[in-house]
Amino acid sequence: MRAYLAILLAVLLGFGAVQAQTIAIRAGHLVDPATGTVADDQIILIDGKTISAVGPNIDISSADEVIDLSDSYVFPGLMDAHVHMTFGLRPYDNTGSDWEMYFLKETSAYRALRGMRQSIEALESGFTTIKDIGNDAEWAMVDVRKAIEAGYFVGPTILNTGKIIAAFGGQSRGFSHEQGPFWQYEYLDADTPDEIRKAVRKNIYYGANTIKLVADNSNVFYTEAENRAAVEEAHNAGLTIAIHVYGGQAATNVINAGPESIEHGFALSDDQLTLMKEKGIVLVGTDFPEEHFRMMGSSDERAREINAQVVDRLQRAHRIGVTMAFGTDVILDMPDKTRGEMMLEYLDVWRAAGIPHADILKALTTNPAELMAIDNERGAIAVGQFADIIATSENPLDDIHALNGVHFVLKEGAVVKHDLVGG
Ligand SMILES: [Zn+2]
């Protein structure tokens with residue numbers, strides 16, 4: 001009896017997914033984000049963790065389970081290329097030293113537990129892949145990723161950068177030299193090309209599978225040679241690299257060094273955006289809703305002003321034709337909202353900027369899959385791809401806000417969410 005209960009419990013907790021089984025999904029409307037098209041009445045056959053067949057006339061008689069989504073729009077899982085899952089600032093609390101106090105008051109273990117909870121919340125909202133872009137204390141997201149990969153939890157696929165590499169002081173501000181360099185709990189100080197190379201290698205050693213640099217935290221910013229050292233070192237190890245920069249000469253130094261993506265870039269000029277397009281550098285704009293700036297401590301006026309700047313940059317980047325990947329940068333922990341719900345609030349900004357729905361869906365699927373160099377295995381519903389599949393009642397190509405109602409989530413063949421919809 002005890003053994004039976006243990007097995008039952010293991011199955012309920014998701015360990016049962018180890019056994020390969022075949023699932024057939026009846027997809028009423030199969031959406032292809034890459035082309036912005038819909039194919040009706042399709043069958044998706046899943047064998048274990050991957051898709052083995054897709055098409056209108058597939059024999060499903062041997063499938064172990066048939067999932068009926070014939071009333072739904074079915075498409076690949078969403079991706080967010082810029083998250084901070086272990087961070088959880090209380091809203092309206094990021095004033096003065098409070099941001100840095102989190103470095104001091106929370107252990108890496110606590111940060112990992114929060115990171116796991118928020119990663120699972122993101123998955124439940126439809127985000128099957130996330131890129132955690134740093135601020136995870138002592139490599140806490142490495143353990144979150146390992147625990148998911150070991151099957152202890154069903155969570156999203158994770159790329160993670162480890163500690164953020166930046167000039168002396170990281171992203172802390174104005175602390176007395178008598179307090180010691182406590183920011184090193186979150187950042188690796190690196191102030192020459194050699195130190196930057198060493199910092200990249202250190203992150204890789206401790207488990208990072210992608211790299212992040214902050215190029216312009218203060219009026220000190222990285223030279224082209226310093227950015228280039230980071231890009232070369234990441235690429236030597238076969239990893240992609242993201243560089244945080246706002247604009248000006250600091251951004252030109254980053255663009256010339258050629259990372260895979262630029263994070264934020266709120267003040268990029270048209271010339272810089274054009275150069276990014278030419279060099280194939282992706283913009284991960286972290287296009288914050290106005291309310292989020294306010295929650296992080298900005299005044300009403302300042303929140304409106306930065307949001308307007310974000311919308312303007314989003315419109316210019318789209319007009320110029322820069323490839324964009326959805327990235328949110330949520331660092332807040334709202335008591336009445338999940339992290340996934342807060343990530344989806346960024347869709348409002350993309351709509352306010354007038355970006356076409358099909359292009360937004362691409363920025364949430366195809367483009368980040370290419371950016372993260374995982375497009376051969378994720379980001380599409382095709383034979384050989386991992387079965388990361390979600391569904392909505394409405395067509396996201398008609399209105400991207402359909403994504404606020406993701407009612408089905410399949411992660412590598414395991415059902416994470418299957419709400420009954422309609423009547
Ligand atoms: Zn960020």
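At what angle do α6 and helix α7 (residues 248-257) pack, and how far apart are their axes? The legends below start with that pair, and every view is drawn from a predicted model.

**View 1. The packing of α6 with α7.** Helix α7 spans residues 248-257, and α6 packs with this helix at an angle of about 40 degrees, the two axes being 8 Å apart. Because angles under 35 degrees count as roughly parallel, this angle makes α6 oblique to α7. The crossing of the two helices is right-handed. On the α6 side, look for Glu 224, Asn 227, Arg 228 and Val 231; their partners on α7 are Asn 253, Val 254, Asn 256 and Ala 257. By type, the contact of α6 with α7 holds three nonpolar, three polar and two charged residues.

**View 2. The packing of α5 with α6.** Here helix α5 (residues 193-205) meets helix α6 (residues 224-236) at an angle of about 30 degrees, with their axes 8 Å apart. That angle makes α5 roughly parallel to α6. The crossing in which α5 passes α6 is right-handed. From α5, the contact draws on Pro 193, Ile 196, Arg 197, Val 200 and Arg 201, while α6 supplies Ala 225, Glu 226, Ala 229, Ala 230, Glu 232, Glu 233 and Ala 234. Seven residues of the contact of α5 with α6 are nonpolar, five are charged and none is polar.

**View 3. Helix α4 and its surroundings.** Zoom in on residues 140-149 and you will find helix α4 mostly covered, with seven of its 10 residues buried. The buried residues of α4 are Ala 140, Met 141, Val 142, Val 144, Arg 145, Ala 147 and Ile 148. They pack against α3 (108-124), β6 (127-132) and β7 (157-160). Just after α4, do stop at Gly 151, which has a positive phi of about 90 degrees.

**View 4. The largest nonpolar core.** This core has 98 residues, and those with the most contacts inside it are Phe 127, Ile 165, Ile 262, Met 276, Leu 283 and Leu 364. Helix α10 (residues 300-320) gives the most to this core, namely seven residues.

**View 5. Around Ile 262.** Setting aside neighbours within four places in sequence, Ile 262 is in contact with Ile 243, Val 245, Val 254, Ile 255, Leu 268, Met 276, Ile 281, Val 282, Leu 283 and Val 284.

**View 6. A second core.** Finally, here is a separate core of 16 residues, among them Ile 25, Ile 51, Ala 387 and Leu 410.

Technical notes
Residues are numbered from 1 along each chain as its sequence is written. This is a predicted model: local features need pLDDT of at least 70, side-chain atom pairs count only at pLDDT 80 or more; totals for chains, interfaces and linings use all residues. Side-chain values use heavy atoms; hydrogens and water are left out. Axes are lines fitted to C-alpha atoms, for helices over the stretch in contact, and angles run from 0 to 180 degrees between N-to-C directions. Helices (H or I, at least four residues) and strands (E, at least two) are DSSP runs, numbered from the N terminus. Angles under 35 degrees count as roughly parallel, over 145 as roughly antiparallel, 65 to 115 as roughly perpendicular and the rest as oblique. A crossing is left-handed if the near helix is turned anticlockwise from the far one by less than a right angle, and right-handed if clockwise. Contact means heavy atoms within 4.5 Å. Ala, Val, Leu, Ile, Met, Phe, Trp, Tyr, Cys and Pro count as nonpolar, Asp, Glu, Lys and Arg as charged, and the others, Gly among them, as polar. Buried means under 20% relative accessible area, exposed over 50%, partly exposed in between (1.4 Å probe, protein chains only). A nonpolar core is a set of buried Ala, Val, Leu, Ile, Met, Phe, Trp, Tyr and Cys residues joined through side-chain atoms within 4.5 Å.
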